[in-house]
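This report goes through selected local features of one structure. The sequence and the model are shown first.

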Amino acid sequence: MRIAIVAESFLPLMNGVTHSILRVLEHLQERGDDVLVIAPSTQDTGAPGEVYGAHVHRLPSVPLAGYANVRVALGGVYRVKRILADYAPDVVHLASPFVLGWRAAQAAHQLGIPTIAIYQTEVPGYAGRYGVPFLENWAWNRVENIHLLASRTLAPSSFALNQLRGRGIPRVQMWRRGVDTQRFSPDKRDAGWRGTVAPAGERIIGYVGRLAVEKQVQDLAVLADIPGTRLVIVGDGPQRKALQAALPDAVFTGFRGGDQLARAVASFDLFVHPGEFETFCQTIQEAMASGVPVVATGRGGPLDLVENSRTGWLYEPGDLAALRSRVADLMGDDAKRRAFAAAAHASVQGRTWSALGAELVQHYNAVLAAHTPHASRTTSTTPQGVTL
């Protein structure tokens, strides 16, 4: 199969979207598929031109205001259409489409190429957090238009699935995320690492993720004075300095990846995630695979991942007193925390990326089987009515 993956963000930027794309590329390489990745350019001269056998085609881009390492691709529909016409993929995979993905959705539609759109980022919900709530309706309009054009939309959680269907988007199905249970494992727990971040033997409350406004990491300030605990923040982003000022007693490790990340997560006693706009929340699965119970907001992806009073606790969005109470409950009861940890670990076994990759390919095959080639794909690649 020939597959074009249009990535709203990609390496060297590591986030949930990039991580999912990498796991998909790994699976497609093992199958022997031919893959092209279309992504924004980067200023990192060491960024790879090929990843897991897939060629990476970079489009000119500019940094997102206030978030320099996030790049926004420039150009119109015609540029993407020309790339797709030359490559002639069987299917176009739109990874968390919004700006570049919107152009690619139009280009593929004009060329008559079936598309799979992966809904992964609740961009409209970010508007209020960034102080521009008047843009929320516009953003939802953009999301709806992209997914109305798609041959099939894949949502990562029941919340996201119902959210999209409630906005009138058809052809939506579930596609969750896998987790590497070899990499993320209780076996990675490291007493030495624990000693460096909690030298007095405190129990560790950990967070992993981007340090950005929409993640609401500042909410963790309510946990700062729980006796016998140490708050550890793993990650980086534009809010780091502000968060260090707001959480002066917390340990900030900066970005961690690979084995360093696996060791840090397994060494937590409890994982917390205060963000309300997670369509899935991969870091929750990774914590669970590491044998760490979770406290998270009761909205979005965590609703599917965290089972109250078994693998962790969910609290009502905005109820910070409940957040503190749930964390204090588990940090003060070793037996309960160990029971939750064991249940959390068991709950994610079998959710391999290999199984999820095979499921994704089934979706590719389904849209191909249902597809009737568009006349423009077989007769001409001249742009007609291109929207710039």
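The model described here is predicted.

## Backbone geometry in loops

Most residues other than glycine have a negative phi, and most peptide bonds are trans. Two residues here depart from the phi pattern. R171, which is not a glycine, has a positive phi of about 55°; R171 sits in the loop between α6 (158-166) and β10 (172-174). Q216 is not a glycine either and has a positive phi of about 55°; its loop runs between β11 and β12.

R171 is partly exposed, at 42% relative accessibility, while Q216 is buried, at 1%.

A cis peptide bond is found between L11 and P12, with omega about 15°. P12 belongs to the loop between β1 (2-7) and α1 (16-31).

## A nonpolar surface patch

On the surface, F134, L135 and W138 make up a nonpolar patch, and together they have about 350 Å² of accessible area. F134 is placed in the loop between α4 (123-129) and α5 (136-149). F134 counts as exposed because its relative accessibility is 62%, and exposed means over 50%.

## S354 and L28

S354 is part of helix α14 (residues 353-370) and is partly exposed, with a relative accessible area of 46%. In sequence, S354 and L28 are 326 residues apart, yet their C-alpha atoms are 9.9 Å apart in space.

Methods:
Residues are numbered from 1 along each chain as its sequence is written. This is a predicted model: local features need pLDDT of at least 70, side-chain atom pairs count only at pLDDT 80 or more; totals for chains, interfaces and linings use all residues. Side-chain values use heavy atoms; hydrogens and water are left out. Helices (H or I, at least four residues) and strands (E, at least two) are DSSP runs, numbered from the N terminus. Buried means under 20% relative accessible area, exposed over 50%, partly exposed in between (1.4 Å probe, protein chains only). Patches are made of residues with over 30% relative accessible area and no salt bridge: like charges are joined within 9 Å, nonpolar side chains (Val, Leu, Ile, Met, Phe, Trp, Tyr) within 5 Å. Accessible areas come from the Shrake-Rupley method with a 1.4 Å probe; for residues, only the protein chains shown count as cover. A salt bridge is a side-chain nitrogen of Lys or Arg within 4 Å of a carboxyl oxygen of Asp or Glu.
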